[in-house]
Amino acid sequence: MSADVDQAAVPEKVARATPTARTGADALGVIVIGAGDMGARHARHWHAIGADVVAVVDPDMARADAVAALVGARAHAVVGDLFDRDDVHVVSVCTPTYLHAAMTVAALDAGKHVLCEKPAALTLRDALAMQRAAERSGTQLRIGFMRRFDPAYRPLMDFTERAGRPLLAQATITAGVRPKRLMHDAMANGGPIIDMCCHVFDLWGRMLGGEPLAVSARGYTFSDDKPELAGIARRALDSALITLEYEGGSVGQIQVSWGLPSGIEPVERHTYVGPSGMVSVDWPRHITLRDADGVTRWRSRGVDPYLAEITQFRREIVEGAPREVPDIGAGIAALRVSLAVLEAIRGRRVTSPAEAVDLEVTTS
Ligand SMILES: NC(=O)c1ccc[n+]([C@@H]2O[C@H](COP(=O)([O-])OP(=O)(O)OC[C@H]3O[C@@H](n4cnc5c(N)ncnc54)[C@H](O)[C@@H]3O)[C@@H](O)[C@H]2O)c1
């Protein structure tokens, strides 16, 4: 794992975060690591619910300064000894994915709670290191699968509970080449099979029945000749057709591409079909259910899933509220499916998460 945090230098349990009802939101000190899009969101939302964002860290000081200014925090280029501070209880990890494990493990070992953006990591080795650190720290580690707080999520779960698991699931996710090159870098964010599909794997784990038994896929790089991605040493696959088969007979298929022309309007549509009806989702706000009672349409506005996630995480660590923000187990489960998909594409065969091998990504 490489980051500006030196694992060997992390002190033994310096200050354990204390999740007690006495710790009001005002007293909750937060550090945000990474001041890009997600870091800015986390900082704003922590601030909005009354937490004290004490530091924003980004080697790009212009970014660190801009986000710190939004919330009255101090900007830092490196973590340094920030995790030693007693007035810090929570660390939000919003760096590119390949740095998640190093930051998370260091923060947990310093006794802090961690909300780490999804996907948990690029490799199982890193994700398991995060899990072990959470176990030994006794503090809380959550992974930012904020879609569990999307407006579409509850109606889909309700439908599944009422009507049983859908047998046929389909998701189409398409976008132009991502403006952030790191999203296409196999060594940084891992491309859509890791970065984007983890949301669907997490959802389908709950809707269709846990870990898929069989995974088959074909992968493509539509963006091979796109000049905006020139020079990335290990380009991630940007497109795939993925089929997942679950115990109980449910089958899910994902058509994903981040290889369309830059700037094209992104699309995400899901359909779920079973003997009692069909649900279609224009993710995340428009949901249509067709069943024996006719057609029911929901349209949701004004829900910010990132704010809901952070509010809920605060309730979990401060008030001991029941866990709703997914833990590292969910991050590992989704990553195992991503790795199985990549393995199936490489070997042109059917595989399963149990057989998936780790990526050859060196992060240490
Ligand atoms: N939950 C979601 O739906 C969602 C959406 C987008 C991104 N993400 C995830 O959030 C993470 C960040 O994505 P983003 O879109 O904000 O990326 P971004 O590129 O906008 O921001 C990442 C920031 O991290 C900084 N950084 C790099 N090295 C660092 C270091 N050593 N220490 C501190 N900061 C460092 C970069 O300078 C950059 O400002 C990724 O893991 C991504 O997959 C999640």
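Two residues are in contact if their C-beta atoms, placed from the backbone, lie within 7 Å. The model is predicted: local features need pLDDT of at least 70, side-chain atom pairs count only at pLDDT 80 or more, and totals for chains, interfaces and linings use all residues. Residues are numbered from 1 along each chain as its sequence is written.

Leaving aside its neighbours within four places in sequence, M130 is in contact with A101, T104, V105, A120, A121, L141 and I328. M130 is also among the residues with the most contacts inside the largest nonpolar core, together with V32, V56 and V341. Such a core is a set of buried Ala, Val, Leu, Ile, Met, Phe, Trp, Tyr and Cys residues joined through C-beta atoms within 7 Å. A residue is buried if 20 or more other C-beta atoms lie within 10 Å of its own, exposed if 12 or fewer, and partly exposed in between.

The largest core has 107 residues. Apart from it lies another core, of 5 residues, including A175 and L229.

The ligand has 27 residues around it, of which G34, G36, D37, M38 and E117 come nearest; a residue is near a molecule if its C-beta atom, placed from the backbone, lies within 6 Å of it. Domain 1 (7-147) and domain 2 (151-302 + 327-355), with bounds from an automatic or database domain assignment, both give residues to this shell, so the shell lies between them.

| Class in the shell | Number |
|---|---|
| Nonpolar (Ala, Val, Leu, Ile, Met, Phe, Trp, Tyr, Cys, Pro) | 11 residues |
| Polar (the others, Gly among them) | 7 residues |

Of the 364 residues of the protein, 49% count as buried.
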